[in-house]
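Welcome, and please take a moment to look at the sequence and the structure shown here. The briefing that follows walks through a few topics in turn.

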Amino acid sequence: MSKKAEPSFKLINTFLLDCSVEVKKPIYALDQSLSLKPNISYQMQHKQQDSIHEVIMTVSIDVEHEKEPALLIEAKQCGCFDITGYDEKQMNMILKAECPTIIFPYLRERVSNLITSTGYPLLYLDPINFHATEEAKGK
């Protein structure tokens, strides 16, 4: 009688995979009476080799001032996880909700540091409830 492996979920590492910052217009050159309009988008990627899963979260930020690009930032945060013993539905939820929940705070910190280094005012990335987002997709 073969015994099924116990489910296991371990964070191996998290790291900044890639980032870029492009200051199109320095903050001092902008009309301070006008508000900055950031456009923020997220993308997820997943790579697997055996039980090791790389989950990569990318954030792209395009800050506009008077309908022209002022600041462009892209950052990719990677989390490496050792995941075994889960069925397909559980694995899907782990990869699309649990892993991003772990990675996102690191990504937020990276973006905050990048923006601070440009001299622009801090842009706060709102929290994301990845579990609720995935559950809503399933309905």
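## A first look

Across the whole structure, a search finds three salt bridges; a salt bridge here is a side-chain nitrogen of Lys or Arg within 4 Å of a carboxyl oxygen of Asp or Glu. The model is predicted, so local features need pLDDT of at least 70 and side-chain atom pairs count only at pLDDT 80 or more, while totals for chains, interfaces and linings use all residues. Residues are numbered from 1 along each chain as its sequence is written, and side-chain values use heavy atoms, with hydrogens and water left out.

**The sheet**

- Four strands make up an open sheet, in the order 1-4-3-2, with antiparallel pairing.
- Strands (E, at least two residues) and helices (H or I, at least four) are DSSP runs, numbered from the N terminus, and two strands pair if DSSP finds at least two bridges between them.
- At the edges lie strand 1 (8-23) and strand 2 (37-49), each of which pairs on one side only.
- From one strand to the next, the twist averages 15 degrees.
- Strand 2 and strand 3 (residues 52-65) run antiparallel and are joined by 13 bridges.
- In general, strands of a sheet pair through backbone hydrogen bonds, either parallel or antiparallel.

**The helix on the sheet**

- Helix 1 (residues 88-118) packs on the sheet and touches strand 1, strand 2, strand 3 and strand 4 (68-84); contact means heavy atoms within 4.5 Å.
- The direction of helix 1 makes about 140 degrees with that of strand 4.
- For such angles, axes are lines fitted to C-alpha atoms, for helices over the stretch in contact, and the angles run from 0 to 180 degrees between N-to-C directions.

**A closer look at T58**

- T58 is found in strand 3, and Q43 stands opposite T58.
- With a relative accessible area of 5%, T58 is buried; buried means under 20% relative accessible area, exposed over 50%, and partly exposed in between (1.4 Å probe, protein chains only).
- Leaving out residues up to four places away in sequence, T58 touches S41, Y42, Q43, Q45, E74, A75 and K76.

- Side chains of opposite charge can pair when their charged atoms come close.
- K24 and E22 meet through their side chains in a salt bridge, at 2.8 Å from N to O.
- K24 is partly exposed at a relative accessible area of 42%, and E22 is partly exposed at 39%.
- K25 forms a salt bridge with E68, and their closest N and O atoms are 3.2 Å apart.
- This pair links distant parts of the chain: E68 is in strand 4 and K25 is in the loop between strand 1 and strand 2, 43 residues apart.
- E68 counts as partly exposed at 43% relative accessibility, and K25 is partly exposed with a relative accessible area of 21%.

- E134 and K137 form a salt bridge, with the closest N and O atoms 3.2 Å apart.
- Because E134 and K137 are three residues apart in helix 2 (residues 130-138), about one helical turn separates them.
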